[in-house]
Amino acid sequence: MCIPTLHSSKSRKPVWVFALIGLIASWIQPAFAQNVAPLEPSLKFVGTGSCAALACHGGRREPLDLKGSEYAFWSAYDPHKKAYGILFDKRSKVIEKNFRNLESLEVSAPERDATCLSCHVHPNFDAKSVDREEALVADGVGCESCHGPAERWLTAHTTFWFRGLSDREKHEQFGMTPTKDLTHRVEACATCHVGTPQADVNHDLIAAGHPRLLFEFANQQAKQPKHWRIEEDKARYPDYEIRAWALGQTVGTRSSLKLLASRAEASTVGREPGPWPEFAEYDCYSCHHDLKKPSHRQEFPREGVKPGTIAWGDWTLDGVRKLAEVRAPLPQNSKLAELQRLMATPNPKATEVASLAKAASTEIGPLIESIERQQFTLNEVDGLLSVFLRSTDKPQASEWTPAARGYLSFVALTRARGDLGGQGLDSGIVERLEALRGSLNVPIDQPEIGRLLDSPANYAPDKVSSELRSIREIIPH
Ligand code: HEC
Ligand code: HEC
Ligand code: HEC
Ligand code: HEC
């Protein structure tokens, strides 16, 4: 994951437009994210070609927000379009060869491997269908990968009565994913950007050459070229920016905790138990770093982490904890805290991790529900920003991962502030955030590898610390 520039936000309408929307609309569409029936995994994908007709979604590409142009837009601009093509790349062949322990590149065929196809085409990919459904496969991550398998809704969804159904009915009876609901949207992205037991970018796959997955919904969604109108999202959710960030943190964390539970379970069962401990769970740079004097790990040890410990890579957990502080406090003796303590021990017992991770994923349910039901206020966003800004006192800059996470949170929260009528991303803040971003995308000796792994070989914690402080100076808190 590369750290995006802020200029993707240039096309934003002036802040006051959203402040006005915020004043007019104070309701939130009822959330139905909890309690929906799970989908039948057997529903079939029919292929993006079925959506491409001129009269349907294949209309003119420009202007970009024309309804009916989704196919043309996706083909031209969406990174998901090339997700299958990339499997023919030499890089993919090398990954597959290493991962499957094959003899040569000639026999390496990632384009036929169900593990790759489950993320590079659609979830639950059945390898037997590769030949039969060549056209479907060739489209990469197509419409149904996010909107749900269209077996039941393809014909129906063009009719008048279908449009009258609620999103919940479309979902439960027809298998269409309710992408307007942010919880479901985050879950749809997390299927591939976090992973599932069937499709897991674990350390074996990373060591084979796959980029590590760092899911941060608000950031990833900001980067995805959109074939829908963001204005409609904002009209639906007057506190859209902060809501998208908060649900990204919490729902994303819930998906990661479920993956951790399944990784732990898979390591105790079957003829070929999975690896344990699973290194992809940890902060990569706990293990992958050079030894030097002076050492920033000794000078500024990470908060709450004893030097020499392999830190759990709790990428989004920090956001969850801070949200809990302003919203719905986690219970005393929280399972999440217990899990953190367990994951800080050298070889945590897989069965204990599995049960604690499941309990912790249930525990953040009430926080998610509170975010779904109750609109954020400017005060709450300011409270969150203060909690983040205060934590820049502490040496969170000592490692790349928490510093990068801090950067992404500042961007989301200052944007959210503007959204709710406060001071947003003005040029002074943008300038300092850009300086911080520059220091996080550190220059590296091997640009290609660095881009893939975010390897902070020349990471300079003192520089990042002082940039964090300079941001603190100009944002009131
Ligand atoms: C859990 C889902 C998942 C699985 C399984 C998976 N990938 Fe990926 N892959 C991704 C995602 C998501 C990205 C984009 C990462 C990013 O940039 O944030 C990606 C990126 C890549 C890239 C880099 C693409 C680029 O444009 O730089 C290659 C190459 C790749 N995958 C090959 C493979 C191969 C080969 C397999 C099977 C051995 C595989 N992937 C399995 C989700 C997955
Ligand atoms: C990476 C995920 C993803 C992919 C791939 C994708 N979409 Fe979407 N789509 C979304 C999201 C998220 C929204 C915004 C929420 C909404 O309006 O449902 C959306 C919105 C839409 C809308 C607007 C719905 C409305 O009521 O305004 C249409 C139509 C649509 N997509 C069609 C397509 C078509 C056709 C394709 C394939 C060419 C496609 N999408 C591919 C995620 C995706
Ligand atoms: C079926 C799996 C799948 C789903 C669902 C999915 N993605 Fe992706 N996404 C991928 C893969 C695979 C790539 C890498 C494509 C490549 O580089 O060839 C990718 C790449 C991307 C990229 C470009 C790489 C990066 O991280 O900058 C963005 C942005 C992105 N996805 C956002 C999203 C968002 C937002 C959603 C949910 C609305 C989503 N994706 C849903 C599989 C998926
Ligand atoms: C508990 C220690 C540990 C953690 C945590 C860890 N790794 Fe590794 N990693 C290893 C070991 C040991 C090897 C194999 C030795 C080698 O090849 O250097 C390895 C090998 C690799 C390799 C292949 C060798 C190379 O240098 O290219 C890559 C790439 C890699 N790891 C990336 C990651 C990433 C990314 C993360 C975080 C998501 C991570 N590792 C987390 C211990 C770890």
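At what angle do the axes of helix H16 (residues 317-326) and helix H20 (residues 378-390) cross? Select both helices: in this predicted model, the crossing is at roughly 130°, and the axes come within 10 Å. H16 passes H20 in a right-handed crossing. Show side chains for Lys322, Glu325 and Val326 on H16, and for Glu380, Gly383, Leu384, Val387 and Phe388 on H20; these residues make the contact. By class, the contact of H16 with H20 has four nonpolar, one polar and three charged residues.

**Confidence**

Colour the protein chain by pLDDT. The average over the chain is 83, and 83% of the residues score at least 70. Select residues 7-27, where pLDDT stays under 50. For this stretch the model has 20 contacts beyond four places in sequence. Then select residues 448-453, where pLDDT again stays under 50 and the model has seven contacts beyond four places in sequence. Where pLDDT is low, the predicted coordinates should not be read in detail.

**Helix H13 and its partners**

Select helix H13 (residues 240-266) together with helix H18 (residues 350-363). Their axes cross at roughly 160° and come within 8 Å. H13 and H18 are therefore roughly antiparallel to each other, and H13 passes H18 in a left-handed crossing. On the H13 side, pick Arg254, Leu257, Lys258, Leu260, Ala261, Ala264 and Glu265. They meet Ala350, Val353, Ala354, Ala357, Lys358, Ala360 and Ser361 in H18. Sorted by class, this contact of H13 with H18 has nine nonpolar, one polar and four charged residues.

H13 and H19 pack at an angle of about 165°, and their axes are 10 Å apart. That makes H13 roughly antiparallel to H19, because the angle is over 145 degrees. The crossing of H13 and H19 is left-handed. Which residues of H13 meet H19? They are Arg243, Ala246, Leu247, Thr250 and Val251, and they meet Leu367, Ile368 and Ile371 in H19. The contact of H13 with H19 divides into six nonpolar residues, one polar and one charged.

**Two backbone details**

Most residues other than glycine have a negative phi, and most peptide bonds are trans. Two places to check against this follow. Select tryptophan 276 and proline 277, which are joined by a cis peptide bond with omega about -10°. Proline 277 lies in the loop between H13 and H14. Next select asparagine 124, which has a positive phi of about 55° although it is not a glycine. Asparagine 124 is placed in the loop between H4 and helix H5 (134-138).

**Ligand 1**

Centre on ligand 1, which has 24 residues around it. Ser92, Pro110, Cys116, Cys119 and Gly195 come nearest. Helix H3 (90-99), helix H4 (114-120) and helix H9 (182-193) are the elements that give two or more residues to this shell. Counted by class, the shell around ligand 1 has 13 nonpolar, seven polar and four charged residues.

**Ligand 4**

Finish at ligand 4, where 13 residues form the surroundings. The closest are Ala207, Phe279, Tyr282, Cys284 and Cys287. Highlight helix H10 (203-207) and helix H14 (284-287), each of which supplies at least two residues of this shell. The classes in the shell around ligand 4 are nine nonpolar, three polar and one charged.

Conventions
Residues are numbered from 1 along each chain as its sequence is written. Chains are lettered from A and ligands numbered from 1 in the order in which they are written. This is a predicted model: local features need pLDDT of at least 70, side-chain atom pairs count only at pLDDT 80 or more; totals for chains, interfaces and linings use all residues. A residue is near a molecule or strand if its C-beta atom, placed from the backbone, lies within 6 Å of it. Helices (H or I, at least four residues) and strands (E, at least two) are DSSP runs, numbered from the N terminus. Ala, Val, Leu, Ile, Met, Phe, Trp, Tyr, Cys and Pro count as nonpolar, Asp, Glu, Lys and Arg as charged, and the others, Gly among them, as polar. Axes are lines fitted to C-alpha atoms, for helices over the stretch in contact, and angles run from 0 to 180 degrees between N-to-C directions. Angles under 35 degrees count as roughly parallel, over 145 as roughly antiparallel, 65 to 115 as roughly perpendicular and the rest as oblique. A crossing is left-handed if the near helix is turned anticlockwise from the far one by less than a right angle, and right-handed if clockwise. Two residues are in contact if their C-beta atoms, placed from the backbone, lie within 7 Å. pLDDT is the predictor's confidence in each residue, from 0 to 100.
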